Structure formats: C-alpha cells, structure tokens
Amino acid sequence: MAVTTAASRNTRDDTIVLIGHGMVGQRFLEALADRGVTGRARVVVLCEEPRPAYDRVHLTSYFSENASPEDLSMAEDGFMARHGIELHVGDPAVSVDRESRTVTARSGLTVVYDTLVLATGSYPFVPPVPGRDAAGCFVYRTIEDLLAIEAYARGVSSGAVVGGGLLGLEAAGALKGLGLDTHVVEFAPRLMPVQVDEGGGQALRRSVEGLGVSVHTGVGTSEITVGDDGRVSGMALSDGSVLPAGMVVFSAGVRPRDDLARACGLPVGERGGIVVDEQCRTADASVFAIGECALACDGRVYGLVAPGNEMAETAARTIAGEAGAFTGADLSTKLKLLGVDVASFGDAHGTTDGCLDVRYSDARSGVYRKLVVGADGTLLGGVLVGDVESYGVLRPLTGSVPPVAPEHLVLPAGAGAPVTLGPTALPDEAVMCSCHNVTKGAIRGAVTDHGCGTVPEVKKCTKAGTGCGSCVKVLGQLVTAELEANGVMVDKGLCPHFAQTRAELYEVVLALRISSYRDLLDGHGREGARGTDGCEVCKPAVASILASLAATVGASVHVLDGEQAALQDTNDHFLANMQKNGSYSIVPRIPGGEITPERLIVIGEVARDFGLYTKITGGQRIDLFGARVEQLPLIWTRLVDAGFESGHAYGKALRTVKSCVGQTWCRYGVQDSVRMAIDLELRYRGLRSPHKLKSAVSGCARECAEAQSKDFGVIATANGWNLYVGGNGGATPRHADLLAQDLSDAELVRLIDRFLMFYIRTAEPLERTSVWLQRIAGGLDHVRDVVVHDSLGICGELEALMAAHVAGYRDEWADTINDPERLSRFVSFVNAPDTPDPTVRFVPERGQIKPEPILLTLTETVTA
Amino acid sequence: MSNVISPTLPLTGTVELRTAEGWLAVCAAEELLPGRGVAALLPDGRQAALFRDRAGRLYAIGNVDPFTGAGVLSHGLLGTLQDRAYVASPLLKQRFDLADGHCLDDDSVAVASYPVRVSRS
Ligand code: SRM
Ligand SMILES: Cc1cc2nc3c(=O)[nH]c(=O)nc-3n(C[C@H](O)[C@H](O)[C@H](O)COP(=O)(O)OP(=O)(O)OC[C@H]3O[C@@H](n4cnc5c(N)ncnc54)[C@H](O)[C@@H]3O)c2cc1C
Ligand code: SF4
Ligand code: FES
C-alpha cells in the first residue's frame, strides 16, 4: 500500500524535519541526498546528543583500539553544508503538534514541517533494582556514557555488567579494557541467549572466562549495594551471593524511544515502538519512524543497524516519490566480543518445522559451529562461535541448497573437509553486505564496470563494508577473485606484454642500460609476448622511460629516431596535438608566459599566413589550431627561425611553468617569480615523464600563479621559496602539499630535480604526481624522507640523472626540420605527398576557422 | 585469397594494394616502418592505411576512423592480441583488426580491408 500525499512530491518550499541524528538518521539524510531531495526541500535535523551522528556499533573500539570520538563520526566533512542541511546539535525535540505540523525543540526553536521523520533510537533499560541510581551506576549507549565510565573507572578496581547479551558483552569488554576485575551477570542460562544456542553459549562462556571475565549465568541482580559514601560497593545476586564491584553497567536490553510519538497521539506497540507500515509511515501519513524506535510492519522492533538502514532507505524513497518497502529483515550478527568471534544468522535456533541441525564442537579451542538445514537440504541458519571464517559465505547462502554437504561446512579446514567454499561459489543475487544490502553482483559490477581494484574503492563505490564491517574480509576475496576472472589488475603487470609495473621496468632499463623497446620486450617481456609487436599501452610507456633516461642509457634523445618513432603516441610522432578532425595544433614554448612584442608578431604572422585558429591557452601561451600534417614543418621552420622551441604540448612531459608578474612590477612581490619560472621551465623542458608535468611560480603568498594547483609549485617568501608538490587542477583537483620552506635558488632547484626524478622512477603510466603521492606507501612523509633527507641514499643518482637530461636537451622541432629523413614522414599520403587530406575541412566562425562538423555513418562498406 | 602475406625479411620491393581496379603501387617497402602506418590515397578518393608488423607481415585497412570521420587510422599504434595485429585509433582509441578491419571494441563497426603484396621488380 503506497499512499501518495503532498509529502511524496516535495517542492522547494517543503520542509522535512528529522528528529534524532543517530546511525539511522544519518543514513536517512544520505539517502535523501542521493535522491536529490536535499536539493529541493529544506531539511532540518534536531540532534539531542552534543555531537553529530557517530558509529555506535564501534563504540567499544574507543577502548580497544584507542579510537577518538572523532574517529567514530559518521557524516563526512562538509556533508551537511554541501547538501544545505540545517543540523541543530544538542537541541532535542520536546514536542510535536500534528495539528499545526510543528516541532518544538528545547531551545525554543519551532519548525513547521511537511514531513516529519522520527529516528530517536532506544534507551537502555535499567531494571528496577534497589540502588540503581547510586553513584557508580552507568548505562552504555553514547559516547558521553563511555567517557563517564572511563572517568569513574579510574577510581575503582572492579566492575559488574548486568546483562550477558550482545551489549553486555561489549560493555564487559570495555571494563576489562579499562583494567577492572570484570563480572557479567546474565539472568538466562547462557550468554547471548537471543543469538546463540546452548552449545554456542557454552563455547562462548569458556572463551570469555578464558579472558579473565567472571561469568554468572542463571542468576538475577537483586540489589546494588551502596557504601556509606553513597557509591556502589557491590551487587547482591538472586542466589544469595554478593559480588564486590566498584561500578555497575546496566546492559539489560533497550526500549524504543517512542515518548514523543505517544505524546502526540501516534499509535505505539504494546511493548513500545512506533507503529509503522511497509513504507515506514506512522498512522499519520506525513510522519515516518525509522530505526530502533519503530515497530515494523512484521511486529518487530529491530535493534540492529542493518534493518535500521533499510528503513532509512525505504522512508527516503517514499518521500522522494519512489517505490520502496521494508517488510522485515533477518537478525544475522557477527561480532567480535572480547576477542571472541560470534556469528548467528537466519533461523539460528532451528524453529522451522522439520529442520535438522549439524554441529561441530571443540571445547578445547572454543570453536562451535551449528548449521540449521531444512528437510530438502536448504540452509536455514546457523551459529558460529570461535571461528567465524565461513560466515561471509554461509549467510548469503541461507535460503539455498549449498553446493557442499553441510557436514563439510561445519568441519574445520583440514579435518576431512574436502572443499573450502569460497565466495565465488555464490550466486550473483547473494547479499554480501547486509548492512547496506549489497549483492555479490553489485560488487562484481563495481570491479568490472567501474574499475574498482581494491576493497577501499569497492567500499566507496557500493557502500559495502562500511557498516558493521563484518563482510570486509569476504569482500576482499571477492574483489581478488573478480579481478583474476577479468585477467587484469591482480596481475600488477603493465599490460599483456609485460608482467612488470612501470616502476619495475624503469629499474630494469636503468640497471641494465637497455636502450630499445625490442630488447626490453624480447628479454624481459612475458613468456608469449617476446618477439611480438607489443601494444598501445606498453609502447608509449616504455618510450617514455627510454626518453627520460635517454642520456643515461644511451638511447637516442630524439623521439622520432629509429625504433623510438614507432613507439610514440600519435601526438609525439608528429610533435603536435591531433585534433578531432585529424588536423594538428601547434604550441610554441613561451617560458614563464613572458614574450616580446616581436615574437608575438611572428606568431600572429604565422597564424595569419597559414590560416590557423589562434587562442590563448589556460597555460599562459598561445595555441595555433588547424594545421595539416604537411604544413607542420613549414610552420615550424618559421617559428624556429624566430627563436621558438617546441612547447611539448603533445608529450607526457613538462608543459608550462606559469608565473605571476612578481617583485619586478607588483607592489606585493617579494621575489622575482618570472625569472624563476623561466629558469625552471628551461631546465625541465623536454623532460619525459609518466604523465604531463605542470608548474607555476608566484611572487608572494597571494598566489596569482596558482602554484598550489601544480605538480610542483613555488611560492616566494621573504627568505626564499616554498616548494609545494602534488597539486592538480583538472578532473580531480588537489591542493599541493608543502614539501620544504624558505629554500635558496640552488636548494629549490636541487629539491625539484630529486622530486621529479623520484616521481619518474616510481610512478605508474599516466599517474599524475597528485595520484602518485597519495598512492605510494608512506605518502608525502616518505617522499620527503627520500628527497629531502636522502633516506634511500639515491639523491646523488637522482641529481645526476637530471643533470644528464639537462645537458642532453635538444629542441625536437629544430632537429626535425633539419633532417630530411624525419621530414619525409610529414605527408598525408605516402603515394601522393602533395595532396592534402580531403577529410580535413574547415568552416568559418567569429573571423577564424573551425573543423567542419562531420556527419558520421558508422559503416564503410568493405571493398576487396 | 588471403590479404596477408608473410614475406621473409628484409623486405624490399614495391608495396601494392588491390582495389576494385586492380593492384595499385603505393610505396617502397622500406618506407613502412615496423609498427607504424602510412596512408595511401586510392583512385576513387578513398583512403587506406598500410602497416607492417615486426615479423614483416603487411596489412591494409580503411584509413577513415568510423567513430570520428577523420582520416587518422594510419597514425595509430600497432599492437598484438593473441597473435593478431590491430591498430588503436589515435583519436578515441578503438582498436581495429588489421587482417579484416573489424572493430575489436564494437562488433557492429568495421572498416574496409585490402589485400597487399610486395612485388619484387
Ligand atoms: C589548449 C588547452 C586549453 C586551452 O585552450 O586553454 C588544453 C587543451 C588540452 N588539454 Fe588541458 N589544456 C590546457 C590547459 C589545461 C589546464 C590549465 C593549466 O595547465 O594551468 C588544466 C588543469 C591543470 C592540470 O592539468 O592540473 C588542464 C587539464 C587537462 C586534463 C586533466 C588532467 C588531470 O590531471 O585531470 C587533460 C586530460 C589528460 O591529460 O589526461 C587535458 C588534456 C588536454 C588535451 C591534450 C586533450 C587532448 O588529448 O586532445 C587538449 C589538447 C591541447 C591541444 O591540442 O593543443 N587537460 N588543461 C590548454 C593548454 C595549456 C598549455 O599552454 O599547455
Ligand atoms: C555498544 C553497542 C554496540 C552495538 N553493536 C552493534 C552491532 O555490532 N551490530 C548492530 O547491528 N548493531 C549494534 N548496535 C546497535 C546499533 O547501534 C543500533 O541499532 C543503531 O544505532 C540504531 O540507530 P538509530 O538511529 O535507530 O538509533 P541511535 O543510533 O540510538 O540514534 C538515535 C538518536 O536520536 C536521539 N534522540 C532521541 N530522542 C530525541 C529527541 N527527542 N530529539 C532529538 N534527538 C533525539 C538520540 O540521542 C540518538 O542520538 C550496538 C549498540 C551499542 C550501544
Ligand atoms: S602573487 Fe603576489 S607578487 Fe605575484 S602578482 Fe599576485 S600579488 Fe603580485
Ligand atoms: S555486512 Fe555490515 S558492513 Fe557489510
């Protein structure tokens, strides 16, 4: 049943109010943002806690892994601002008036809503035992609870936890972690009665006791004893015994926070929980309830984050006018409690008619496994304690007949189990991440269609693994399996012809002084690839390595010489950039962006005489477009005569070093930025690298040259120069990192020499410095260690390589126009050298030319 | 007949390509650099791209890139995939099988292919 109301067709004036910014509330906001609802409606969030949503599930990691409250935060930086969400932290809602559709917060803030969403979560249930209000009694739900427990624990030596369920064991883990003698008291006959069965409970108990926690099951707490100072002194149990305890944590279950809903007359369940339908709507069509405060349409209140997230998605969909329903969820859990792995999934207690179970139990190692199987062999559920390796595979198999007999699935590996079931055995529909409801098919798609090659990339792309984290391990297996199936990246090799990475090939070329692609391929290529022609991936990559090291390994410095000519990408081959219609563009180098009027006039004359389209580039120079191949040498002859050189706009090489006008003219300048830019551009011109290199020099911190967006950027200081590295404009902009400060001219150049050579040596093909810096192990600190502190002892070599490049530099265009053999290549047709390519055609626009638009027919009939 | 011939190296003579009108002399064999193409203008105004691979085998396919309409395939890089030679268009990088002109990245697209030979005059 989907009721369509004003709420499902939100407009700009609509207001959506969310009460409660917990895990599910945050997820709801993300789901709204994903659907663009935050762009069209006003969204107001009332958050009771003093901080925005955080990862409650990992609360205990604050103790066990020294996480800070900030580490637990859930909303990524800037999320609220980016989506225009108004978040009121520390300001809980105190009343809701459904008549006037207003919510009032404690601060007095009143908001009129079109849609109201309750995500108020639960409160810890504290049984009505005498003494429960004494100093030293705590609950365990929020970061504030945790900070209070930590502070109080400093003054006591023992503690007791009331409740041996999931949260109780978490709390016991926290107390243990604080160094207290720890007791757990559970009324039921076993630990975690909801999740595990008798056998699992026993295995769990042994493991927990093995960690030094005293377990008391089958007894209740009858009183908290209090000392004369009003502080907790111990706990009296129902069997008459007394436990000494300096503090008590109540973890005896949670109750839905449905008080606001009750007060405004919304129906709630008998045992609490705001009644909602499949769309998570309450009895009032404009009010939704999601997460732990809701009583779902299947009559359950879900105390886990995965079902809560599903409700969040459902409500967001409904509000966005899309279809969605939450009809119930399974209660699978996988936890690491006090270092003991526990998992339960599906029908863990075997309540299905006619089911059987298969168990394996090893009391000594604390391993217990039980699978519940239907009469037809369908896997219905299970309990795993101690060793939960197989959880990631078994849970998605629930509901199907596993490809391996159940007894093999419970036996430990090596104990007669003939097969270990990998995630590859699962069908594509299997849900791998239940927190975010991500199927195996979606994960495979992330790898195959979206190019994700690592678990972090898959997490970002699909959200899988970003909830409880229990599926991360199996995600890793799946990613590797998928990559292997695709035959791509697990193999870190460059391409089908080389098993090495670019950095490895660089080392081979340098160490063995290899000067030709053929020698490298035939001597170091993959088995079947030797003697072949290679491909369009390895050829330019190797050409670039050979060009960077030409002077050192004895390869020709000219990229059009001999074999090198056949390796270059087309642009390098013609020393110009190919445009969409097959014509070429020409970019003479204008170092630092400084140019004399005479040279400007030459450029103007050349452009006019050859009818070229002229444009000032984003790189402080001038691009001339529309030249035919056979015109290139003629144009360059004129340019070279006037003193111009190649600008390498076609190469993966240094492009421009931009400059601001600097000290010479500018009233703020503190150094001569133009001179430095020219020096740097002339020093590194022609340097071939894994990707293009860009630089800029600014004369003061106002940064008019935008140096911080460059691969290496220089900013003048009163005392010298600051060097920034790893900046990028382009598709994924990144601000550069400061590598070193207040450098003299010589220090600056030496450091750039080392930095560039180290990058050239270790980067992958087409990896800009920004990406490289973030990828390589150790990041900026490592690079600084290597190039500033010479931690690898290679700085001498890096400097020598650069010195060789600088000494060996020759202008490619000057060399080309003086060499008839190289020039013979610049024709459109080998059999008609004087005929221009008729497909290169232009039409006029704004007083210049532009390529004639081409009508494409994607078929050219085959003539033979 | 097969449009691929495998002469033994070194390759000398005149490279010829067969069109509807018969064999057309295109260039001296030495002008074909292994791994690099050249373009030829055909009598009917069409264009062909000729290649020579490392083993000395010759290929000729249509020069006009069907994805952009530009006469550029001869400027692409030659590669091998499971022993078959292809050229990657320099514009948008689609690959074309040099033996029969079909596009390896889009089954519905193909360019012409032409028989080639070297005549030792
Ligand atoms: C001509 C120019 C645009 C203009 O008219 O202003 C230009 C044109 C091209 N850019 Fe650019 N970019 C030009 C400045 C820039 C800038 C601005 C700058 O350098 O300050 C940027 C952002 C800065 C940066 O790179 O960090 C820029 C970021 C890109 C990118 C994205 C790089 C990235 O890391 O994301 C590409 C694509 C690539 O390289 O893979 C690109 C690629 C290209 C190519 C080569 C695309 C192609 O393959 O055909 C264009 C051909 C140029 C040609 O035919 O001459 N161009 N391009 C600019 C030439 C500057 C120069 O004088 O050399
Ligand atoms: C220690 C611990 C371990 C856990 N481990 C797991 C686990 O391993 N796996 C699992 O699935 N689940 C686990 N859970 C449960 C999980 O944290 C909850 O299911 C989840 O947080 C529910 O999200 P929620 O948004 O509904 O509620 P909450 O996260 O509790 O958020 C509700 C928020 O609403 C606020 N609020 C309440 N009333 C108002 C009001 N009137 N105005 C404004 N704000 C208000 C509350 O202050 C709170 O911040 C664990 C819980 C704890 C405490
Ligand atoms: S960066 Fe500083 S010195 Fe350069 S132009 Fe801007 S204000 Fe002037
Ligand atoms: S199952 Fe919880 S994060 Fe994937």
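A nitrogen atom of ligand 2 sits 3.5 Å from an N or O atom in the side chain of A:R257. Keep in mind that this is a predicted model. Taken alone, ligand 2 exposes 990 Å², and the protein buries 96% of that. In total, 28 residues surround ligand 2.

- The side chain of A:E292 has an N or O atom 2.5 Å from an oxygen atom of ligand 2.
- A:A119 takes part through its backbone: an N or O atom there lies 3.4 Å from an oxygen atom of ligand 2.
- A:R257 uses its side chain, with an N or O atom 3.5 Å from a nitrogen atom of the ligand 2 molecule.

**The shell around ligand 2**

- The closest residues are A:E48, A:E49, A:R141, A:E292 and A:V305.
- By class, the shell holds 15 nonpolar, 7 polar and 6 charged residues.
- Two helices of chain A, α1 (23-34) and α6 (166-177), each give at least two residues to this shell.
- Helix α1(A) supplies the largest share, 3 residues.

**A pair of helices in chain A**

- Two packed helices are described by the angle between their axes and the distance between the axes.
- Helix α20 covers residues 597-610 of chain A, and helix α21 covers residues 632-641 of chain A.
- Their axes come within 10 Å and cross at roughly 160°.
- Angles over 145 degrees count as roughly antiparallel, so α20(A) is roughly antiparallel to α21(A).
- The crossing of α20(A) past α21(A) is right-handed.

Note on methods: Residues numbered from 1 in each chain as written. Chains lettered and ligands numbered in written order. Predicted model: local features only at pLDDT ≥ 70, side-chain atom pairs only at ≥ 80, totals over all residues. Heavy atoms only, no water. Near = heavy atom within 4 Å. Polar contact = N/O pair within 3.5 Å; in protein donor to acceptor, adjacent residues only side chain to side chain. Areas by Shrake-Rupley, 256 points an atom, 1.4 Å probe, with all protein chains shown as cover. Helix = DSSP H or I, 4+ residues; strand = E, 2+ residues; numbered from the N terminus. Nonpolar A, V, L, I, M, F, W, Y, C, P; charged D, E, K, R; others polar. Axes fitted to C-alpha atoms, helices over the stretch in contact; angles between N-to-C directions. Parallel < 35°, antiparallel > 145°, perpendicular 65-115°, else oblique. Left-handed = near helix turned anticlockwise from the far one by under 90°.
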